[in-house]
Amino acid sequence: MSNIEKSDLINTNSPRDSRVYADGKYVIKAPVATNPVHIKVWLERQKHAKFVVDSIIEKNGNAEYFIPKIIEISEQPFIKEERVSGQPITSEYFAGLSSQQKDIIYNSLAKFISDMNQNLPVLDITSQLYSNDTQDISFFDVLESLKSVLSQKEISIINQSYELLEKYKDQTPSFVFFHGDMNENNIFFDDKTNKVSIIDFTEARYESAYYMFNSDLSRLPWLDLNKIIDIYNKNPKEQPVKTGQNKAVIEIFNGLRTIQRTGNSLMKNSKTANIYLIILKETIRALEKSCQSVNNSMLLANIPTNFR
Ligand SMILES: Nc1ncnc2c1ncn2[C@@H]1O[C@H](COP(=O)(O)OP(=O)(O)O)[C@@H](O)[C@H]1O
Ligand SMILES: [Mg+2]
């Protein structure tokens, strides 16, 4: 790293996490943090990114978009990565491109999103209730142990909510693996080669396919969400992906997840059990309302399967 000059700093964002320096065809990234604990976290995030990037490159080698390889991760600490060409797609930059180039950007992005989603199993959002990937206990085990602290009526509201969620599961989005940080400075376009590049996979994770479009990708001011969702939905897929959601049904899911998490905390921290119990009861009251609104909305309207 010794031949790198401070003047070679090429961040297009204001460096909060990483300082990025040009090094010929490569870039060198170093953490902004100086605290050893934070540096360790930074390195872990880079290792996660490398794992994700390697698997995309392996599966989607000659794709219509470019993902820079991470060449080296050094405990020094720094990483060496291929340098991408072009510039971040800001609204002004996008506005000045030809309609053909705009189409290339939309198609490349839709393909990229789809590839990332398809490279790992596409799950149902409700699979999180079973999930044991954190140290968390499943929703069903939590419910079993809550029987000693909640009333029968409260337990039956929870059961009824779960049944409704199962019944209208087709109106919840899929749970897919995605980039997780699609901000302006992580998507580059080179108007000479017409190539889109995507960088910064430190936050790649599973998320709701609805959230992926309507929250993560909604941070790109130039992006027409309906258009990208349309192109994405038309892309052929081995594993189908549901991108829409019924608001009332997803409220039930969120309530059940809160019960799962809060129940977990309650079981682990007996000292603060009272606070968790208050949250649980509050959540159950909200769930009761959500169940009513699901029942009402299903009565009122024959909600079409394409509920977006
Ligand atoms: N491979 C690369 N090629 C060219 N520029 C890059 C590359 N990686 C990062 N940069 C520049 O540095 C900025 C910050 O790097 P990034 O990996 O996104 O870290 P952060 O976590 O700080 O957002 C990017 O927004 C981009 O401007
Ligand atoms: Mg970034």
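At roughly what angle do the axes of α5 and α8 cross, and within what distance do they come? The axes come within 9 Å and cross at roughly 135°. This model is predicted: local features need pLDDT of at least 70, side-chain atom pairs count only at pLDDT 80 or more, and totals for chains, interfaces and linings use all residues. Residues are numbered from 1 along each chain as its sequence is written, and chains are lettered from A and ligands numbered from 1 in the order in which they are written.

**View 1. Helix α5 against helix α8.** Helices (H or I, at least four residues) and strands (E, at least two) are DSSP runs, numbered from the N terminus. Axes are lines fitted to C-alpha atoms, for helices over the stretch in contact, and angles run from 0 to 180 degrees between N-to-C directions. α5 and α8 are therefore oblique to each other; angles under 35 degrees count as roughly parallel, over 145 as roughly antiparallel, 65 to 115 as roughly perpendicular and the rest as oblique. The crossing of α5 past α8 is left-handed, a term used if the near helix is turned anticlockwise from the far one by less than a right angle, with right-handed used if clockwise. From α5, the contact is made by Ile-158, Ser-161, Tyr-162, Leu-164 and Leu-165, and α8 contributes Val-249, Ile-252, Phe-253, Gly-255, Leu-256 and Ile-259. Two residues are in contact if their C-beta atoms, placed from the backbone, lie within 7 Å. By class, this contact of α5 with α8 has nine nonpolar, two polar and no charged residues. Ala, Val, Leu, Ile, Met, Phe, Trp, Tyr, Cys and Pro count as nonpolar, Asp, Glu, Lys and Arg as charged, and the others, Gly among them, as polar.

**View 2. Helix α5 against helix α9.** The axes of α5 (residues 152–167) and α9 (residues 273–300) come within 9 Å and cross at roughly 45°. α5 and α9 are therefore oblique to each other, and their crossing is left-handed. On α5 the contact involves Glu-154, Ile-157, Ile-158, Gln-160, Ser-161 and Leu-164; on α9 it involves Lys-281, Ile-284, Leu-287, Glu-288, Cys-291 and Val-294. Seven nonpolar, two polar and three charged residues make up the contact of α5 with α9.

**View 3. Helix α8 against helix α9.** Helix α8 (residues 247–268) packs with α9 at an angle of about 165°, the axes being 9 Å apart. α8 and α9 are therefore roughly antiparallel to each other. α8 passes α9 in a left-handed crossing. By class, their contact has 14 nonpolar, nine polar and one charged residues.

**View 4. The two domains.** Domain 1 (6–82) and domain 2 (87–308) divide the protein, with bounds that come from an automatic or database domain assignment. Their centres, taken over C-alpha atoms, are separated by 27 Å. The contact takes 18 residues from domain 1 and 17 residues from domain 2. On the side of domain 1 that touches domain 2, α1 (36–59) and β3 (65–66) each supply at least two residues. The largest share of that side, nine residues, comes from α1.

**View 5. The surroundings of ligand 1.** Ligand 1 is surrounded by 21 residues, the closest being Thr-12, Asp-17, Val-20, Asn-185 and Asp-200; a residue is near a molecule or strand if its C-beta atom, placed from the backbone, lies within 6 Å of it. Two or more residues of this shell come from each of β1 (18–23), β2 (26–31) and β5 (78–82). By class, the shell has seven nonpolar, seven polar and seven charged residues. Domain 1 and domain 2 both give residues to the shell, so ligand 1 lies between them.

**View 6. Two backbone features in loops.** Most residues other than glycine have a negative phi, and most peptide bonds are trans. A cis peptide bond, with omega of about 20°, joins Gln-76 and Pro-77. Pro-77 is found in the loop between β4 (70–74) and β5. Asn-194 is not a glycine, yet has a positive phi of about 55°. The loop between β9 (187–190) and β10 (195–198) holds Asn-194.
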